[in-house]
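Please keep the model open beside them as you read.

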Amino acid sequence: MKTKPKRVIGTAGKTCPVNDPRLSGEIQKQLYRWMALIRAFDTKMLGLQRQGRIGFYGPIKGQEAATVGSAAAFEKDDWIFPALREGGVTLMRGFPMEKIVAQLIGNAGDACRGRQMPCHYTFREGHYVSMSSVIATQLPHAVGAAYAARLRGHRIVVAAYLGDGATSENDFHTAMNFAGVWRVPVVFVCQNNQWAISVPFEKQTAASSIAVKASAYGFEGVRVDGNDVLAVYSATRAAADKARAGGGPALVECLTYRMEGHSSSDDPTKYRPAGEAESWVDKDPIARFRRHLESLQLWSDEDESSFQSVIADAIAQAVDTAERFGPPSVASLFEDVCSNGIPPHLREQLAEVSPAVHRP
Amino acid sequence: MATMTLIQAVNDALKTEMRRDDRVVVLGEDVGKKGGVFLATEGLYDEFGADRVIDTPLAESGIVGTAIGMALYGLKPVPEIQFMDFIYPAFDQIVSELAKFRYRSGGQYPAPVVIRTPYGGGIKGGHYHSQSTEAFFVHTAGLKVVVPSTPADAKGLLASSIRGDDPVLFLEPKAIYRTAKGEVPEGEHLVPLGKARVVRPGKNVSIVAYGAMIPRCEKAAELAAAKGIDVEILDLRTLMPYDGDAILETVSKTGRLVVVYEAARTCGFGAEVSAFVAERAIEYLEAPIVRVAGFDTPFPYSLEHVYVPDPNRILAAIEKVAHF
């Protein structure tokens with residue numbers, strides 16, 4: 001990690017005035033609430049996975065500032081092309097929590113009808129586009145959507161999220177190159193959590209940062225402290241404003257840390273150096289931002305305990321609602337393969353499935 | 001009606017649909033000022049401008065990947081992959097993304113991209129300008145695969161593909177780009193996907209084929225007619241979804257089936273046709289089904305004429321099933 005990231009909040013909670021976006025107290029508190037909500041939701045979902053109530057989970061823990069700070073910098077009409085760890089953005093964009101849990105369960109309450117693994121949310125109303133599990137494929141999509149928006153005369157910006165591992169993929173290069181040539185309004189937001197499952201950053205690239213890669217494509221890249229929500233917001237907002245004004249694409253690298261395993265199926269103690277994860281506890285983005293808010297008298301222990309109690313109830317209620325849905329219908333297996341309903345050849349295949357055999 | 005070559009009909013379809021719907025855009029390598037290496041997009045750049053006729057960087061995954069993003073946003077992109085042999089950098093985008101978007105998003109994000117690409121032998125292009133690998137794509141749920149064999153069909157099928165709401169791989173038989181000539185309706189012209197066409201009626205033997213094999217099958221049918229064998233030829237036109245009813249109709253009429261395709265024989269589309277007929281119409285068959293196909297070798301340069309099925313090989317298969 002040779003390139004020093006931009007920072008607003010010191011680890012002691014003090015601010016650096018140069019990069020401070022000078023957000024109102026209310027907006028800062030809202031950023032905090034989102035981060036705390038995402039943490040609480042994440043903890044609960046990993047717990048449900050451990051209890052066997054959902055099949056898989058990709059935790060966000062440690063990356064809440066990178067997620068919230070960047071997503072908050074985009075407007076409501078802007079589009080989000082997420083990677084694995086941006087699920088919290090659906091909450092920020094108003095996706096009902098029970099729908100998120102239903103997706104994790106994969107039941108009939110899931111807007112995607114139980115067709116994908118957990119964490120692969122789609123929320124069209126919130127312009128949160130469906131992701132696949134294939135790494136970096138969403139990046140050219142984001143560039144194409146930004147091209148289309150510009151062609152149609154819409155002043156929107158497209159957020160293209162990726163992790164550090166994705167920067168080794170063909171589609172990262174391709175998307176960055178097309179974006180640079182076309183000068184489209186897209187902001188690449190890289191959550192560099194320093195681990196692509198078990199492969200550390202230095203085995204992913206010999207570059208001093210992800211941010212420097214942008215210059216090869218003819219646009220700006222900036223590295224920020226990804227555990228500093230104000231620094232992330234500030235950099236992303238500047239990039240989005242510039243892109244919206246016709247200034248072309250940008251890359252924001254959020255240097256952060258994945259405090260859990262890659263997923264519920266991963267054991268990071270097998271590959272991480274002893275003590276590394278512990279050293280990041282002090283840099284926990286939520287504790288750090290809370291200290292900052294407390295230093296400005298924007299948040300108190302009472303605020304914390306009442307907010308935690310509200311979100312615990314909301315999450316419990318969402319889980320309860322989501323778990324009441326049954327499995328997706330067998331016919332839904334054959335729907336949405338193409339437009340205009342189930343085509344004849346799939347109707348024949350549906351007829352092969354005996355309802356008696358497949359009753360849940 | 002105007003007389004056109006197959007590639008002129010492709011060009012006519014693109015122009016007609018671009019005039020009709022400003023959401024239609026074309027993108028790819030050399031599609032702009034040059035008008036494409038085969039001139040399929042000739043004149044589009046001048047008429048519709050650089051924003052809708054986009055010369056892209058040289059990267060197939062980017063061409064298809066950005067086209068997907070455009071389609072998600074509401075455009076109707078028609079990317080060109082210069083040769084089907086170069087489509088593999090985009091294979092991931094086609095198979096994992098394009099074909100799955102509608103399904104995985106629960107219908108929230110359809111991705112109606114029509115990928116045009118010339119396929120097959122006929123230009124002495126060796127491995128990398130000649131292959132016919134439609135089977136990879138027919139095997140991918142969520143993708144439609146279309147192959148015209150006449151100018152009128154090229155225009156009508158391409159227009160239908162563009163107006164539809166599904167991703168389509170539109171395979172253009174480059175061997176007959178300029179040799180297939182015919183009457184093409186002027187203005188708007190649509191041919192529905194999923195419907196086969198009887199090229200010539202016949203009583204004794206059925207041939208099921210598509211694309212550049214159709215003229216070769218017609219030639220073989222003429223040779224067979226001289227020997228007293230009356231051949232019916234069915235042009236599938238769409239490989240996914242294919243017209244099973246039309247296949248069953250011709251086979252139940254003649255009881256003898258030859259399937260012709262220029263792809264490698266094993267697991268080629270002809271294997272699907274053979275299995276389909278074996279499952280649904282075996283009681284009508286008077287002879288084993290015979291496939292005439294490319295070989296399970298890489299596509300050759302000097303021996304292309306040996307590799308690609310020709311009228312004599314097709315005739316031999318016709319005679320084999322006729323005299324079984």
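Predicted model: local features only at pLDDT ≥ 70, side-chain atom pairs only at ≥ 80, totals over all residues.

**Notes for a first look**

1. The strands concerned, β2 (residues 158-163) and β3 of chain A, pair in the parallel sense over six bridges.

2. Stay with β3(A) for a moment. How many of its seven residues are buried? Seven of the seven are, so this strand, residues 186-192, is mostly covered by the 20% limit for burial. A:Val186, A:Phe188, A:Cys190 and A:Asn192 point one way, while A:Val187, A:Val189 and A:Gln191 point the other way.

3. Next, the charged pairs. Over all chains, the whole structure holds 45 salt bridges. One of them joins A:Arg288 and A:Asp228, at 3.9 Å from N to O. These partners are 60 residues apart: A:Arg288 sits in helix α10 (residues 285-295), and A:Asp228 in the loop between β6 (220-225) and α8 (229-244) of chain A. Both A:Arg288 and A:Asp228 are buried. They also belong to a network of salt bridges that includes A:Arg7 and A:Asp225.

4. Chain B has a buried pair to look at too. B:Glu172 and B:Arg116 meet in a salt bridge at 2.6 Å, N to O. Because B:Glu172 lies in strand β7 (residues 168-173) and B:Arg116 in strand β5 (residues 114-119), the pair ties together parts that are 56 residues apart in sequence. B:Glu172 has a relative accessibility of 0% and counts as buried; B:Arg116, at 1%, is buried as well.

5. Compare that with B:Glu232 and B:Lys253, whose closest N and O atoms are 2.5 Å apart in a salt bridge. The pair links strand β11 (residues 231-235) to helix α9 (residues 244-254) of chain B, across 21 residues. Here B:Glu232 is buried at 5% relative accessibility, whereas B:Lys253 is partly exposed at 48%.

6. Finally, turn to where the chains meet. The contact takes 44 residues from chain B and 46 from chain A, and about 3,600 Å² is buried between them, 61% of it on carbon and sulfur atoms. Two salt bridges cross this interface, including B:Arg280 with A:Glu348 at 2.7 Å between the closest N and O atoms. There are also 17 residue pairs in polar contact.

7. Which element gives the most to chain B's side of the contact? That is α3(B), with 10 residues. The residues on this side divide into 19 nonpolar, 13 polar and 12 charged.

Notes
Residues numbered from 1 in each chain as written. Chains lettered and ligands numbered in written order. Heavy atoms only, no water. Contact = heavy atoms within 4.5 Å. Buried area = accessible area lost by both parts, 1.4 Å probe. Salt bridge = Lys/Arg side-chain N within 4 Å of Asp/Glu carboxyl O. Polar contact = N/O pair within 3.5 Å; in protein donor to acceptor, adjacent residues only side chain to side chain. Helix = DSSP H or I, 4+ residues; strand = E, 2+ residues; numbered from the N terminus. Nonpolar A, V, L, I, M, F, W, Y, C, P; charged D, E, K, R; others polar. Buried < 20%, exposed > 50% of the residue type's maximum accessible area, 1.4 Å probe, protein only. Pairing = 2+ DSSP bridges.
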